[in-house]
Amino acid sequence: MSNARSRVVPANEYRRERWRNGAGWTREIASEPAGEWAWRLSIAEIEQDAPFSRFEGIDREIVLLSGNGVRLRFDDGNVHDLQPPHGRLRFAGEAGVHGELIDGATQDFNLMWRRDAIDAQLWHRPLVGPMVIFADPGTTWAVHLLAGQARFADDSGLPGLAQGDTALLHAGDARLRHVLDGGGEVLLAQLRPR
């Protein structure tokens, strides 16, 4: 997938850009590889009712980070409400979706991956003391700190995490072990080549 080094991306370094369809803003946390990415992490800023951009061949999962929620209306008639604190939904990127704000603007964590290249899983977990993360060779883990603070209690040399920061843990040819210690809540994404 990548032999990029593990790193922490502070929230203030996320790159703000327009949605593909121009209907909103997103802050990109990371995408790999550069250019035609196989996976991408971002935070969507939904400030008004708007259609979502379509992404052919992409699966995605979104998680409500802040705000009072968003109603997703799909062209096939399905409706799903992302409600506080961390409502979530996984769906196909080519689906026609219109987002309707329930009561004011929201921010939403957005994981996207090419379904023919990547297997992706996403978990929401409390962080209470140490958490051990094992990354198999070729796998990337992303750890997004929803709340609280955390540090790596291992010899990785990675800096600590403040709320909103994201750690990207890349396992090259060998299995990788990280120990995250702290208090709060995290989103954990595992990205594994197919």
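1. **Ground rules.** This is a predicted model, in which local features need pLDDT of at least 70 and side-chain atom pairs count only at pLDDT 80 or more, while totals for chains, interfaces and linings use all residues. Residues are numbered from 1 along each chain as its sequence is written, and side-chain values use heavy atoms, with hydrogens and water left out.

2. An open sheet of 4 strands runs in the order 5-10-7-8 with antiparallel pairing. Strands here are DSSP runs of E, at least two residues long, numbered from the N terminus, and two strands pair if DSSP finds at least two bridges between them. Strand 5 and strand 8 (79-82) are the edge strands, each pairing on one side only. Strand 7 is joined to strand 10 (residues 97-101) by 5 bridges, and the two run antiparallel. Look for Arg 71, whose bridge partner in strand 10 is Glu 100.

3. Asp 49 lies in the loop between strand 4 and strand 5. With a relative accessibility of 44%, Asp 49 counts as partly exposed; the scale calls a residue buried under 20% relative accessible area, exposed over 50% and partly exposed in between, using a 1.4 Å probe and protein chains only. Asp 49 and Glu 100 are 51 residues apart in sequence, yet their C-alpha atoms are 4.5 Å apart in space. Not counting residues up to four places away in sequence, Asp 49 touches His 98, Gly 99, Glu 100 and Leu 101, where contact means heavy atoms within 4.5 Å. The side chain of Asp 49 also reaches the backbone nitrogen of Leu 101 at 2.8 Å.

4. **Aromatic pairs.** How many aromatic pairs are there? The count comes to 5. Rings of Phe, Tyr and Trp (its six-membered ring) pair if their centres lie within 6.5 Å; planes under 30 degrees apart count as stacked, over 60 as edge-to-face and the rest as tilted. One of the pairs is Trp 37 with Phe 55, tilted, at 6.2 Å centre to centre and 50 degrees between the planes. Trp 37 sits in the loop between strand 3 (25-32) and strand 4 (39-46), and Phe 55 in the loop between strand 5 (50-51) and strand 6 (58-66), so the pair ties together parts 18 residues apart in sequence. Trp 37 is buried at 12% relative accessible area, and Phe 55 is buried at 9%. The ring centres of Phe 74 and Phe 91 are 5.4 Å apart with planes at 80 degrees, so this pair is edge-to-face. Both Phe 74 and Phe 91 are buried. Ring pairs link Trp 19, Phe 52, Phe 74 and Phe 91 into a cluster.

5. **Charges over rings.** The charged end of Arg 16 sits over the ring of Trp 25, 4.3 Å from its centre. Likewise, the charged end of Arg 114 sits over the ring of Trp 37, 5.4 Å from its centre. The rule asks for NZ of Lys or CZ of Arg within 6 Å of the ring centre and within 35 degrees of the ring normal.

6. **Cis peptide bonds.** The bond from Glu 32 to Pro 33 is cis, with omega near -15 degrees, and Pro 33 lies in the loop between strand 3 and strand 4. Pro 84 and Pro 85 are also joined by a cis peptide bond, with omega about 5 degrees; Pro 85 is in the loop between strand 8 and strand 9.

7. **Nonpolar cores.** Which residues have the most contacts inside the largest nonpolar core? They are Trp 39, Leu 41, Phe 109 and Leu 111, in a core of 22 residues. Such a core is a set of buried Ala, Val, Leu, Ile, Met, Phe, Trp, Tyr and Cys residues joined through side-chain atoms within 4.5 Å. Apart from it lies another core of 18 residues, among them Ala 135, Ala 150, Leu 161 and Ala 171.

8. **Strand 13 and its partners.** Strand 13 pairs in the antiparallel sense with strand 16 over 12 bridges, and Gly 148 stands opposite Gly 184 in strand 16. Strand 13 also pairs antiparallel with strand 15 (residues 166-170) over 5 bridges.

Terms used
Polar contact = N/O pair within 3.5 Å; in protein donor to acceptor, adjacent residues only side chain to side chain.
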